[in-house]
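Come along and look things up with me.

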Amino acid sequence: DLRHDRAEVLRSRLRGQGFSEARTSHFVSADALARAGVDGLSAVAIRNPLGAEQALLRPVLRAGLLAAMAHNLRHGADGVRLFELGRVFSAEGAS
């Protein structure tokens, strides 16, 4: 489909620019959102999470990307250039 084709073109262009694709968890913590500068008010809460680190469905990709970048830098990466194309979730408008 057209959306898939556009995503593949974007992935190819970003990889050509030296970026690596990240695939982060759909689950985040309120703390991770706060570190990413996101208030989390629109995040979807998990009714029975396995732990506080997986209590919310991600409303933005930024929190996971920042965590992945920090992990890479802590483990000696000279520079980190990441992107992610993925699903985000919002409680806004949900009934």
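Below are my entries, one topic at a time.

**Entry 1: the model.** I noted at the start that this is a predicted model.

**Entry 2: the sheet.** I looked up how the strands are arranged. Three of them make an open sheet, in the order E2-E4-E3, with antiparallel pairing. Strand E2 (27–28) and E3 are the edge strands, and each of them pairs on one side only. I then followed E2 across to E4: two bridges join this antiparallel pair. Which residue of E4 is the bridge partner of Phe27? I found Leu57 there.

**Entry 3: the cores.** I asked myself which residues make up the largest nonpolar core. My list has seven: Val28, Leu33, Ala36, Val38, Ala43, Leu56 and Ala63. Another core, of six residues, lies apart from it, and Leu61, Ala68, Val80 and Leu82 are among them. Back at Val28, I checked its contacts beyond four places in sequence; they include Leu33, Leu56, Leu57 and Pro59.

**Entry 4: Thr24.** I found Thr24 in the loop between strand E1 (20–21) and E2. Is Thr24 buried or exposed? Its relative accessibility is 18%, and the cut-off for buried is under 20%, so Thr24 counts as buried. I followed its side chain to two polar contacts: one with the side chain of Arg58, at 3.0 Å, and one with the side chain of Glu84, at 2.7 Å. Leaving out residues up to four places away in sequence, Thr24 also touches Gly64 and Leu65.

**Entry 5: Arg11.** My next stop was helix H1 (residues 2–16), where Arg11 sits. I read 12% for its relative accessibility, so Arg11 counts as buried too. What does the side chain of Arg11 make a polar contact with? I traced the contact to the side chain of Glu21, at 2.8 Å. Beyond four places in sequence, I listed Glu21, Phe83 and Leu85 as the residues that Arg11 touches.

**Entry 6: Pro49.** I ended in the loop between strand E3 (44–45) and strand E4 (56–57), which holds Pro49. With a relative accessible area of 32%, Pro49 falls between the 20% and 50% cut-offs, so I put it down as partly exposed. Not counting residues up to four places away in sequence, Pro49 touches Gln54 and Ala55. I also looked up the C-alpha separation of Pro49 and Phe27: 9.3 Å, for two residues that are 22 residues apart along the chain.

How values were computed: Residues are numbered from 1 along each chain as its sequence is written. This is a predicted model: local features need pLDDT of at least 70, side-chain atom pairs count only at pLDDT 80 or more; totals for chains, interfaces and linings use all residues. Side-chain values use heavy atoms; hydrogens and water are left out. Helices (H or I, at least four residues) and strands (E, at least two) are DSSP runs, numbered from the N terminus. Buried means under 20% relative accessible area, exposed over 50%, partly exposed in between (1.4 Å probe, protein chains only). Contact means heavy atoms within 4.5 Å. A nonpolar core is a set of buried Ala, Val, Leu, Ile, Met, Phe, Trp, Tyr and Cys residues joined through side-chain atoms within 4.5 Å. Two strands pair if DSSP finds at least two bridges between them. A polar contact is a pair of N or O atoms within 3.5 Å; within protein, one must be able to donate a hydrogen and the other to accept it, and residues adjacent in sequence count only if both atoms are side-chain atoms.
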